Amino acid sequence: MGMIEKRKTARIYKKIKIEVKKDAKIRNLGSIDLSSMGIRFRTNKKVPLFDQLDFSMDLSTDEKKKNELSFRATVIRCEKCKNAKGYQVTLFFHDLKKSEIKKIEQYIEKLRIKK
């Protein structure tokens, strides 16, 4: 019998350019875990649980083609980092369009092949 895969969505770890629209004080310090369900990254400040953040994410895989995605996400986890400064924030993407989910999945695929 094969291993049971717990996570249904592919994910990658990469620093992605993220810009939080309303709250410019929230900066992405790195350690990204991205899937089409959500994103986890390290921030410089604590973000309240269940906060809704509007932000954009740069999913460009080549310099010539800009591939930016803007959406809203909900903070579902925020904990102090143990071995780095800042907080680890997990955001859940809701109401992403099918085309946007596809965009994220294609981005993940491209990066996985690149390795």
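**Reading the salt bridges of a predicted chain**

Modeller: The accessible surface of the chain comes to about 8000 Å², and 54% of that surface belongs to carbon and sulfur atoms. Accessible areas come from the Shrake-Rupley method with a 1.4 Å probe, and for residues only the protein chains shown count as cover. This is a predicted model, in which local features need pLDDT of at least 70, side-chain atom pairs count only at pLDDT 80 or more, and totals for chains, interfaces and linings use all residues. Residues are numbered from 1 along each chain as its sequence is written, and side-chain values use heavy atoms, with hydrogens and water left out.

Biologist: Which pattern does the chain follow along the sequence?

Modeller: Helices (H or I, at least four residues) and strands (E, at least two) are DSSP runs, numbered from the N terminus. Here there are one helix and seven strands, in the order β-β-β-β-β-β-β-α.

Biologist: What percentage of the 115 residues count as buried?

Modeller: A residue is buried under 20% relative accessible area, exposed over 50%, and partly exposed in between (1.4 Å probe, protein chains only). In this chain, 40% of the 115 residues count as buried.

Biologist: How many salt bridges does the structure hold?

Modeller: Side chains of opposite charge can pair when their charged atoms come close. The criterion is a side-chain nitrogen of Lys or Arg within 4 Å of a carboxyl oxygen of Asp or Glu. The structure holds eight such salt bridges. One of them joins Asp54 and Arg72, with the closest N and O atoms 2.9 Å apart. Asp54 lies in strand S5 (residues 52-58) and Arg72 in strand S6 (residues 68-80), so this pair ties together parts that are 18 residues apart in sequence. Arg72 is partly exposed, at 34% relative accessibility.

Biologist: Where do Glu109 and Arg112 lie, and what separates them?

Modeller: Both belong to helix H1 (residues 98-114); because they are three residues apart, about one helical turn separates them. Glu109 is partly exposed at 39% relative accessible area, and Arg112 is partly exposed at 42%.

Biologist: Is Glu100 buried or exposed?

Modeller: Glu100 is buried, with a relative accessible area of 12%. Its salt-bridge partner is Lys97, the closest N and O atoms being 3.6 Å apart. Lys97, by contrast, counts as exposed at 53% relative accessibility.

Biologist: Which residues are linked in a network of salt bridges?

Modeller: That network links Lys17, Asp58, Lys66 and Glu68.
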